[in-house]
Amino acid sequence: MHEGSRTSPSDSVPIPAPDRPEVSEPAGAERRATWFELFCDLVFVAAVGQITRRISSEPTLGSVAAAAALFVPLWWTWVLYAVRANRADRDVTSHRLLTMAGLVAVCGLAVFVGSVGTSDSADTGFALSYLGARLGVAALYALEARRDRRLVPLLRSFMTGSAFSALFWAGGALLAPAGAVRYGIWAGGMAVDLAIPLLSGRRIARAPHHTEHLRERFGLFTIIVLGESVLGFTNGLVQARTAGSAMVTGAAAFALCACLWWSYFSASGTRPGAHAELAGNPRLLHIYVLGHLPVQLGLAVAGGAVGTAVVGSASRLTTALALCILGGVALFLLSTAAVRAAFTGVRDPVVRLRLATALLIAGLVPWAGRAPVSAVLAGAALLLGLSVAAEAPGHRRRLEEAG
């Protein structure tokens, strides 16, 4: 696959570059995530945690669908801040202060996302927080566009699209009644938001960006989402105390999380120098960025359900829990395969392996309700682990070709 940071299983965790408050790096220079970017990620950690708690507290198909829908604007907000920093971040005091102001709105997302659908005040607070976070991105672009004129066309596209999207979000929150009408209007606003980069391909292509830094940032957000899986099964073990069945299920859940990490970060596309095509191909850049939505959504849904599965390890998985865990893993595999296929073609052996593994894991759903929870998790982990091992030659071949 092609997603991830600049690490491999044998590498150390990426070390952020030390902050240099008044220095701007050249557009072509190598960039690493700064300590300030990692601080900003902490705010999104809180918001992602609220999404996974919605899933674990009420793992029904309806509540999971609602949580998945709310994950999209939260994820897109992170993308806007990450891509903006990738294109135009001098890490100076003015940028930090404006970013922190925008992050106050992200804190609002974290506060209200767990209650959306239960009250008008929560719905309104969520919509206004989302619009406030987007306003922070626009202000950052406007500040830097005064210095780098290449960003002016991008700023115009972003402002025009954001103004149109705001009509949906504000109108849905303030004018439409709670329920399907309001959330349908919000879905329209979200569609506008996601379409902005697709309709601004040429302007985006002319704007500066750092490919290595972008891949590292998406890898770090993937770690954030995977962290919720680890938190989920450890909290499940705490609630289950010393029940023997919970310990076995917890070990299987850990194996599944480890295999998910390995599947993402052992791929050839996570190595330094990979995906050089992103530097000059807007189509591939859109596929890479938007392709991470189902990748990380699948991880979030599976992670939110794992803790509930560990707590109830003495019983069988419900259909909803099985769909969350196994369906989330299958969505992760299908999405990473699709992104890789954009770079290597659908005949790539790794792409075919991932598609086959996704189908096998999804095929466990009908059987999940009749087997112990630990067996279901272990079975998914085994299939994923075998896929990782079988993919290794394909990843090596990809790196040799790139070299």
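Contact means heavy atoms within 4.5 Å. The model is predicted, so local features need pLDDT of at least 70 and side-chain atom pairs count only at pLDDT 80 or more, while totals for chains, interfaces and linings use all residues. Residues are numbered from 1 along each chain as its sequence is written, and side-chain values use heavy atoms, with hydrogens and water left out.

**Figure 1. An overview of a protein with 14 helices and 0 strands.** Helices (DSSP runs of H or I, at least four residues) and strands (runs of E, at least two) are numbered from the N terminus. Along the sequence, the pattern reads α-α-α-α-α-α-α-α-α-α-α-α-α-α. The protein has 403 residues, and 56% of them count as buried. Buried is under 20% relative accessible area, exposed over 50%, partly exposed in between (1.4 Å probe, protein chains only). Among contacts in the protein with a separation of 6 or more, 79% join residues 24 or more positions apart.

**Figure 2. Phe221 in the largest nonpolar core.** A nonpolar core joins buried Ala, Val, Leu, Ile, Met, Phe, Trp, Tyr and Cys through side-chain atoms within 4.5 Å. This core holds 110 residues. Phe218, Phe221, Leu256 and Leu317 touch the most other members. What does Phe221 touch, not counting residues up to four places away in sequence? Its partners are Phe44, Val48, Phe71, Trp75, Trp78 and Gln296.

**Figure 3. Helix 5, residues 152-174.** The helix has 23 residues. At 1.5 Å a residue (times one less than the number of residues), helix 5 should span 33 Å. Its end C-alpha atoms are 32 Å apart, which agrees. Several positions of helix 5 are buried, including Val152, Leu154, Leu155, Phe158, Ser162, Ser165 and Trp169.

**Figure 4. The ring pair of Tyr141 and Phe158.** Rings of Phe, Tyr and Trp (its six-membered ring) pair with centres within 6.5 Å; planes under 30 degrees apart are stacked, over 60 edge-to-face, the rest tilted. The count comes to 16 aromatic pairs. In one of them, the ring centres of Tyr141 and Phe158 are 5.9 Å apart and the planes meet at 55°, so the pair is tilted. Tyr141 lies in helix 4 (residues 120-145) and Phe158 in helix 5, so the pair ties together parts that are 17 residues apart in sequence. Are Tyr141 and Phe158 buried or exposed? Both Tyr141 and Phe158 are buried.

**Figure 5. An aromatic cluster that includes Trp169.** Five residues make up one cluster: Phe126, Tyr130, Trp169, Tyr183 and Trp186.

**Figure 6. Arg96 over the ring of Phe36.** A charge sits over a ring if NZ of Lys or CZ of Arg is within 6 Å of the ring centre and within 35 degrees of the ring normal. The charged end of Arg96 is 5.7 Å from the centre of the Phe36 ring. Phe36 belongs to helix 1 (residues 35-57). At 10% relative accessibility, Phe36 counts as buried. Between Phe36 and Arg96, the C-alpha to C-alpha distance is 7.9 Å, across 60 residues of sequence.

**Figure 7. Met100 beside Phe36 and Phe39, both of which Met100 touches, not counting residues up to four places away in sequence.** Met100 is part of helix 3 (residues 93-112). Its relative accessible area is 38%, so Met100 is partly exposed. Met100 and Phe36 lie 10.0 Å apart, C-alpha to C-alpha, and 64 residues apart in sequence.

**Figure 8. Helix 10, residues 282-311.** From first C-alpha to last, the 30 residues of helix 10 reach 45 Å. That is close to the 44 Å expected at 1.5 Å a residue. How many residues of helix 10 are buried? The number is 23 of its 30 residues, so the helix is mostly covered.

**Figure 9. Helix 11, residues 319-344, and Leu359 of helix 12.** Helix 11 has 26 residues and should span 38 Å at 1.5 Å a residue. The end C-alpha atoms of helix 11 are 36 Å apart, which agrees. Gly345 follows helix 11 with a positive phi, near 95°. Helix 12 covers residues 349-362 and contains Leu359. With a relative accessible area of 64%, Leu359 is exposed. Leu359 and Leu333 are 26 residues apart in sequence and 9.3 Å apart in space, C-alpha to C-alpha.
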